[in-house]
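Dear colleague,

I am handing over the structure we spoke about, and it is placed just below. After it you will find what came out of a first reading.

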Amino acid sequence: MRHYIQEHWPAGINLAVVTGLVALAAVLVSSSSAAPAVAPNNVGEPSISGTTRVGQVLRSTRGTWTGSAPITYDFRWFRCEGRGAADASDCRRITNATDNTYVLRQADAGFRIRSQVVARNADGRDTATSNPTSVVTAAKPVNTTEPSISGTAKVGSTLQANRGQWAGDAPITYTYVWLRCNDKGDNCSEIQGANDPGYEVRDADAGKAIRVRVIARNDRGSTSAISDPRLVVDSTQPPPPSTGTLPVGDLKAAGDRLVVATVVFSPNPVTSRTQPITVRVRVTARGGRPVSSASVFMRGTPRVVEGQTSQTAGDGWVTLTLVPNQLFPQPRNGFNVQFFIKAFRPGDPGLGGIAGYRLVQVRLAG
């Protein structure tokens, strides 16, 4: 190039200047043509394929991404109650699951699964989460909602067992074993001949707690689950006083237990996906005496309402207002929504103390 310029460039023009300008132009052209550095950006979310049953393999695509190469991709897997949040923030991350494939475990039964992809390059990172799978089923029966007991727990009355909810290969058969326990619900023994869904409370049960064990069986095996205890009123003793509130601070962790005694929904049944649901809850202890200043937490299972915590008044009652979120099901006849309630003393450890728990449900109608 320099020889060409020397031969053809007009006399009187500084050759060194011309050569420098040509070099500068080449650099500018090269710089303007280089692509700018761009961090990863997801333009198509990951998706999961495979059969949602324990033992089967799920596969996650990484989705579609833009950004400067090279991009590396990491995979995460999450176990969700219901559909879970869009970013899996309220789901539980599954340990030892970092590949694009995941073998479903027994612990996944009754839950939904989401995959998450983290894309990285030298300029940054971005995260994308898949839609949830359908509910994972199990070959062997697995309990997803524990059994419960309904009815009045006093001598001569009949208690009814609710088997709870189960997942597993159909058909599943269920058997019932009624248990007599101490007044705390411990040291239980089987009640001979009590193997039906209904149980008539006997004199020997007075002052004891009754529980029911449900055994689910199919061709793959059997699994059992046990209900919370129901204390039988001792008809030989005078009824507990209707007054005499117990401050929650006076209860002793060594022997007292909060009881979610009464739950009243309004409206009942629920007919709207958006109307707030008012729930009145009464907390008692020591033979039915109301408890004041006990904290009560309530949320849907799955999380179809915004949970709320409030404290009981002097009569043991507290009113909670639950606001449905976008996951609340369309009200239909024959369906219901389940709620988890925890009564506890502020400052007690998360597990233990005097806390009491209860699962309840309200009917839907549409």
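How many helices and strands does the protein have? The protein has two helices and 29 strands, where helices (H or I, at least four residues) and strands (E, at least two) are DSSP runs, numbered from the N terminus. Please keep in mind that this is a predicted model, in which local features need pLDDT of at least 70 and side-chain atom pairs count only at pLDDT 80 or more, while totals for chains, interfaces and linings use all residues. Residues are numbered from 1 along each chain as its sequence is written, and side-chain values use heavy atoms, with hydrogens and water left out.

Of the 366 residues in the protein, 36% are buried, that is, under 20% relative accessible area with a 1.4 Å probe and protein chains only. Among contacts (heavy atoms within 4.5 Å) between residues at least 6 apart in sequence, 61% join residues at least 24 apart.

Leaving aside neighbours within four places in sequence, Phe265 is in contact with residues including Met298, Phe339, Val360 and Val362. Val362 itself lies in strand β29 and is buried, with a relative accessible area of 2%. Not counting residues up to four places away in sequence, Val362 touches Phe265, Pro267, Asn268, Val270, Asn336, Val337 and Phe339. The C-alpha atoms of Val362 and Phe339, 23 residues apart along the chain, are separated by 8.2 Å.

Strands β28 (336–344) and β29 (356–363), together with β10 (142–145) and β13 (165–167), each supply at least two residues of the lining of the second largest pocket. The volume of this pocket is about 1,200 Å³; a pocket is an open set of points on a 1 Å grid over the protein atoms alone, where a 1.4 Å probe fits, with protein on both sides within 12 Å along at least five of seven lines, and lining residues have an atom within 4 Å of a point, while a volume is the space filled by probe spheres set on the points, which are joined across faces, edges and corners. Of its 36 lining residues, Thr145, Gln165, Thr301, Pro302 and Gln338 are the closest to the centre.

Key
Buried means under 20% relative accessible area, exposed over 50%, partly exposed in between (1.4 Å probe, protein chains only).
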